[in-house]
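These are my notebook entries on one protein model. I record what I looked up and how each term was defined.

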Amino acid sequence: MNGIAPQVSSVSTLPSAEELDRALRDASPAEVIAAALKAVGRDKLALVSSFGTESATLLKVMAGVDPAIPVIFLDTGWLFEETLAYRDTLIETLGLKDVRSIRPAEETLTREDPDRDLWFSDPDACCRIRKVEPLARALKPFSAWLNGRKRFQGNARADIPVVEDDGARLKFNPFANVSREELEAIFVRAKLPRHPLAASGFRSVGCMPCTSRTAEGEDERAGRWRGRAKTECGIHTMKTS
């Protein structure tokens, strides 16, 4: 790696995303997380995790750097019970110190989704009130955040940088360069528990109404919003600030 950003004390003096991306382009995931931690400090850095089928790997690497980094988990109200149980398993297994389960605002749900069928009529609006808006609120105290997107997932993720500008904060993609094989190696080497639904053919797990199994040979995210043009919930397609 070419170097780590110096310690800073305020948002106004944060290094640019471009500067950090150049420095961390070939860094390991642990080095990227360490650089993010050094750039903004633990109180201003959050990791956003779905506790999905691949989440244990990033959480494991983060825990190796600092298990007290805050972790934001969006509990949409539509998650599989298996995902909630997996969250609790990983918290215990990895010794995570600060996992924050964030739910959508009840008044918004009452106003915009009183019959709980918005996922069917307008999935973009459903994702907005259950994921995008709650995440924007949860990230307000932070200057940077980490997520688990990977280029091999394709579509809008194929060209993601290691560090990108997210408006008022920095967005780090520590696993941008990680391959499927490297991801599997982390699982095996660390003997990480698998998501309970992975053995049933769910390669990518989101909310119950919009998640289905994937068949052999399909893209791993093919089971998300199946039959629709939609491929992202929205938290990665617009700035959070």
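Entry 1. With which side chain does Glu-112 meet in a salt bridge? I found that its partner is Arg-128, with N and O 2.8 Å apart. A salt bridge here is a side-chain nitrogen of Lys or Arg within 4 Å of a carboxyl oxygen of Asp or Glu. The pair links distant parts of the chain, since Glu-112 belongs to helix H5 and Arg-128 to helix H7 (residues 123–138), 16 residues apart.

Entry 2. I noted the basis of these values before going further. The model is predicted, so local features need pLDDT of at least 70 and side-chain atom pairs count only at pLDDT 80 or more, while totals for chains, interfaces and linings use all residues. Residues are numbered from 1 along each chain as its sequence is written, and side-chain values use heavy atoms, leaving out hydrogens and water.

Entry 3. I turned to the overall fold. The protein has eight helices and six strands. Helices (H or I, at least four residues) and strands (E, at least two) are DSSP runs, numbered from the N terminus. From that end, the order of elements is α-α-β-α-β-α-β-α-α-α-β-β-β-α. The radius of gyration is 17 Å, close to the 18 Å that the globule rule gives for 241 residues, so the protein is as compact as a globular protein of that length. This radius is taken over C-alpha atoms, and the rule is 2.2 Å times the number of residues to the power 0.38. Along the principal axes, the C-alpha trace spans about 50 × 40 × 35 Å.

Entry 4. I then looked up burial and contacts. Of the 241 residues, 52% are buried. Buried means under 20% relative accessible area, exposed over 50%, and partly exposed in between (1.4 Å probe, protein chains only). I also noted that, among contacts between residues at least 6 apart in sequence, 70% join residues at least 24 apart. A contact means heavy atoms within 4.5 Å.

Entry 5. Where is Thr-57 placed? I located Thr-57 in helix H3 (residues 55–65). At 0% relative accessibility, Thr-57 counts as buried. Not counting residues up to four places away in sequence, Thr-57 touches Phe-175, Leu-183, Ile-186, Phe-187 and Leu-192.

Entry 6. I returned to the charged pairs. Side chains of opposite charge can pair when their charged atoms come close. A search of the whole structure gives 12 salt bridges. One of them joins Asp-75 and Arg-103 at 3.2 Å, N to O. Asp-75 is in the loop between strand S2 (71–74) and helix H4 (81–94), and Arg-103 is in the loop between strand S3 (99–102) and helix H5 (106–112), so the pair ties together parts 28 residues apart in sequence. Is Asp-75 buried or exposed? Asp-75 counts as buried, at 10% relative accessibility, whereas Arg-103 is partly exposed at 43%.

Entry 7. I next examined Glu-164, which forms a salt bridge with Arg-149, the closest N and O atoms being 2.4 Å apart. Glu-164 is in strand S5 (residues 163–166), and Arg-149 is in the loop between strand S4 (144–146) and S5, 15 residues away. Arg-149 counts as buried, at 4% relative accessibility.

Entry 8. I closed with the pair of the opening entry. Glu-112 is partly exposed, with a relative accessible area of 28%, and Arg-128 is partly exposed, at 29%.
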